[in-house]
Amino acid sequence: MANEKKKERFKEEKEIFENHIKKKGLRRTAQRDLILEVFLQTEEHVSSEDLYWLVQQKDKSIGYTTVYRTLKLLAEAGLAREVSFGDGKTYYEHHYKHQHHDHMICTECGKVIEFFSPEIEQLQDEMAEKHGFKPTYHNLRILGICAECQKEVSSADSVASGAQPRIRVIGSRFSK
Ligand SMILES: [Zn+2]
Ligand SMILES: [Zn+2]
Ligand SMILES: [Zn+2]
């Protein structure tokens with residue numbers, strides 16, 4: 001079903017990568033192909049360490065440096081976009097044919113919520129224009145606490161449903 005469609009999409013992305021590699025005077029290698037494949041299969045925001053771990057599950061012989069450099073190549077080729085969430089790490093997400101979006105980051109659990117607001121985009125453009133500024137790139141980041149983490153604090157002494165089978169310490173600081 002959707003699987004075949006996905007393969008075709010990967011084919012296009014592989015061509016883009018191959019062209020970029022040629023332009024750089026590099027060789028196409030099985031290792032780079034695998035790294036690209038693994039990256040395209042993720043739908044999350046991955047750091048180079050995350051991707052290295054995922055690649056290691058498939059081929060232990062691929063080193064971290066190769067993964068790191070390949071990610072840089074993917075970004076240059078326009079297949080990956082670098083994003084930062086304020087924890088000092090660089091994350092990568094799919095860029096090719098993916099619509100622009102911005103992020104909310106939960107400082108409790110690290111969850112990343114993607115959002116897009118045409119109104120906010122418009123306001124940013126207007127602001128830039130007002131200052132005679134020509135924007136080329138932006139990465140809007142809202143830090144805070146996600147809905148689930150807020151719930152966890154306010155109901156810390158009640159048994160969480162399903163996902164969290166472990167019961168918390170009885171008589172927590174939240175009970176009176
Ligand atoms: Zn935006
Ligand atoms: Zn959270
Ligand atoms: Zn994103």
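**Exercise 1.** Which residues does valine 67 touch, not counting residues up to four places away in sequence?

*Solution.* Some ground rules to start: this is a predicted model, where local features need pLDDT of at least 70, side-chain atom pairs count only at pLDDT 80 or more, and totals for chains, interfaces and linings use all residues. Residues are numbered from 1 along each chain as its sequence is written, while chains are lettered from A and ligands numbered from 1 in the order in which they are written. Contact requires C-beta atoms, placed from the backbone, to lie within 7 Å. With that cut-off, valine 67 touches Ile35, Ser48, Leu51, Tyr52, Val55 and Ile62.

**Exercise 2.** Find the residues with the most contacts inside the largest nonpolar core.

*Solution.* Such a core is a set of buried Ala, Val, Leu, Ile, Met, Phe, Trp, Tyr and Cys residues joined through C-beta atoms within 7 Å; buried means 20 or more other C-beta atoms within 10 Å of the residue's own. The largest core has 19 residues, and Phe39, Leu51, Val55, Val67 and Leu74 have the most contacts inside it. Next, trace the contributors: helix 2 (30-41), helix 3 (48-56), helix 4 and strand 3 each give two or more residues. Helix 2 supplies the largest share, four residues.

**Exercise 3.** Work out the strand order of the open sheet.

*Solution.* Helices (H or I, at least four residues) and strands (E, at least two) are DSSP runs, numbered from the N terminus, and strands pair when DSSP finds at least two bridges between them. Three strands line up as 1-3-2, with antiparallel pairing. Strand 1 (46-47) and strand 2 (80-84) are the edges. Finally, serine 47 has tyrosine 91 in strand 3 as its bridge partner.

Note on methods. A residue is buried if 20 or more other C-beta atoms lie within 10 Å of its own, exposed if 12 or fewer, and partly exposed in between; C-beta atoms are placed from the backbone. Two residues are in contact if their C-beta atoms, placed from the backbone, lie within 7 Å.
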